Amino acid sequence: MLTISRLGKCSDQSKIAYYTEIASLKYYSNEYEPQGYWFGNLSSQLKLNGKGVTHEDLLNLAQGYAKDGKKSLVKNAGKEHWIGSDLTFSAPKSVSVLFGLSELKERTQIQQCHQKAIEKTLKYIEKHIIQTRSGFDEYKNRQRVNTNKALFAVFEHASSRKLDPQLHSHCLLLNLTYQNGKGFSSLETLKLHQYQKALGVMYRNELSHQLNKTLNLAVQHDEEFFKLPMVPDELCKTFSKRTEQITDAIAKEALISNAITKGKAALFTRDKKEHLPRKNLHEYWRVESENWIPHYPENAFVHDYALSDFKTKMLSELVEHQSIFQHKHMLEVINRYAQWLGLGIDAALDYLKQLVQDKELLTIVHPTLGECFTTQAQLNLEKSFYFDAINYSALKSHAINYQLSPDSTLNNEQKSALLGVISKGGLSAINGLPGTGKSYLLKELNAAYSANKYKVIGCCVAAKAAESLQESSGIKSQTLDSLLLSLENGSKKLNEKTVMVLDEAGMVGVKKLNRLFEFVEMARAKLVLVGDYNQLNPIQAGNPYYRLKDKIPFFELNNIQRQKHEKDRQNVLNIKNGHILEVLNDLDESGNLSFEKEHIQAKANLVNDWYNSFKSSPLENIMIASTRQDVADLNKLARQKLKLDEKLSGLTVQMLNHEDQLLDLQKGDRVMFRKNAHEIEVSNGSTGEIEKVQQLIDRSLNITIALDNGKQVEFNTKYYTALDYGYGMTTHKSQGLTCDNAYIFFSERYLSKELAYVKMSRSRNAPRVYCSSALMEKTEYLHEIAFKTQLETEKIDAFELE
């Protein structure tokens, strides 16, 4: 695994001290951790080769000076100079556990394998990724050049903050490089972030290869990663304590008082972890493992596979989520397969050269990305779909006469869209910004077609969205997958009097939309696409909803009605247009942005503010975060807040849910259903409040929940366990919701323009944003968020660039 964190300005020594703490001869003996070392072509040029990293040298270089602190290497040397980036390479858990429980000889060999894998990856980064700015071209586009000169300070650590075995290395990429004839300059790191996932897979591939070559270790497929089958899964779970686990005590302190929690909150960011001699750690781990002893194989791990055997699978994966793909995507997929075969980086790069020449691969030129690729099969699919869809939209069918009621409250934009759709042919679309009244319009569309003896049916990607569509418009709806299944098995049929409404169409890829369209076309039915192409992109390849906007009858709703104030409506438009920094600065100036050094305190601030409004209107106040981990933290804090306010009652019972998470449940808890269950009529994403929970003699639970839609459900945990707390939700779960107030936690690691757009457009009032960084000041951090939202490239269809 590879994480990349930009370190901000070198305004004080604490950021450097995090890496060089206890920088003494005693610390850097075999007793503790090995001393940091310099790596990269600049280490020779700066006469650092073979020398250990000292606090003074690292501090001076981090500020843009020579190691003696006297000569400026870059123009902005000093405390305002950005340090660079922390590239942290972490071995898979099974490798770390084996490292922790092995004898010294094998431990040392595993360390060497880890180090070789890192250095091989860093050499690739230096040669192909390290760039600096080099003026502008004739069109005034920023030019970047590769320099093949970088400086890394590498620090190996053996344990996690919870003192579990976790072999990882922090590789500080300092913000300076060198061009022959031009001297030193700062780095341009955009390409580094774009290649992050591919570089992480390259490290794992080389690590797998080194372990195989050095210790004869077999490797096994483990989702996107690899694992060592000789290490039991249960043992890995034993040594997987969650570093950022929020206990009830810490949650309580964080919510009650900023001052009390300051010391403990640092446990969640870059606090000084406890250091123990490695000898002590290995003894402790041996005891915790109940003296598990690894038995290393005597014979080499061999297999009969070559990368070429997986060509079809790799090409299929490359077009699973995007119609066109770049060099970085090929690098990622090939190295992923190579890691399971223990082949290493060199073998993966050799095969990449072969694959580029394969006849099934097509090279195309993107106007801004340059050389890209697609497959012949993907191009043929898109050509066929777009040709047929455009022609079908031009058919003069399904036009009806419908007179709006004189007291209709549709605005002119909505009226124009409605009349346009019902007067056009077999395929048309309605695109609406958040809060423009799409649901209200669909209710009128349902009435119009129903009055003309048509049957209107709806579908959405998510079950919760289908439920909302049915409630708001009266259109009987289901998930797109279940609809396709019923059409394929013949249990549901369409005809020329069917109008199919696909809501949130912007989330549907070309392959799945083509499947739906084929059924519509065969039945001579009508298909209406509804969505917002600025929101979340399709999970599958292609972006057909957006690509059709200029090719079929396409009606726009731009009059935002959800937000109460013009400034908030303008902010939604600014996010849509990519001006996220302008929006964040506006929220900051108006007091709607909270920034803390510790993420636990930022989340506690969010929960405290949310709860003040939640008490009077539970359904009109929602908490949103990008990741499930951040949502879990918000849920933990929210539940503690309700306990402090004595809003939870009755005995606390415990339930092990579908993901083996232990939930404490009481009357008054808000919960979310995580899987569809037709027997109790709940969808994935349905929420409600526990009215009664009872533990039976067989230790199963009977739970009664009042759903937010007004229904009541009762079930036993022997038959349904897909439950979680429902105080906060992910961005994907929030799409389609409207509320008075949205409280949003931002993490710079999981951002895109689309995610920000969905989060920030849910509420009628101005959203409240909460964020944190231990490494950056607020101004730096807001720029970092803006930077990260621009990293995701637009999804392009292959046929456009043929």
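## Helix α14 and its cover

The cover over the buried residues of α14 includes α5 (104-128), α7 (196-215), α12 (311-318), α13 (327-341) and β12 (361-366). Contact means heavy atoms within 4.5 Å. Helices (H or I, at least four residues) and strands (E, at least two) are DSSP runs, numbered from the N terminus. This is a predicted model: local features need pLDDT of at least 70, side-chain atom pairs count only at pLDDT 80 or more, and totals for chains, interfaces and linings use all residues. Residues are numbered from 1 along each chain as its sequence is written, and side-chain values use heavy atoms, leaving out hydrogens and water.

Buried (under 20% relative accessible area, 1.4 Å probe, protein chains only) are I345, A348, Y351, L352 and L355 of α14. Seen down the axis of α14, they fall within an arc of 125°, so they line one face of the helix. The arc is taken from the directions from helix axis to C-beta atoms. On the other side, K353 and Q354 are exposed, meaning over 50%.

## The parallel sheet

Six strands form an open sheet, ordered β16-β15-β17-β18-β14-β19, with parallel pairing. Pairing requires at least two DSSP bridges between two strands. β16 (476-479) and β19 (554-557) stand at the edges with a single partner strand each, so one side of each lacks a neighbour in the sheet.

Five bridges join β14 (residues 427-432) to β18 (residues 526-531). L427 has L527 as its bridge partner in β18.
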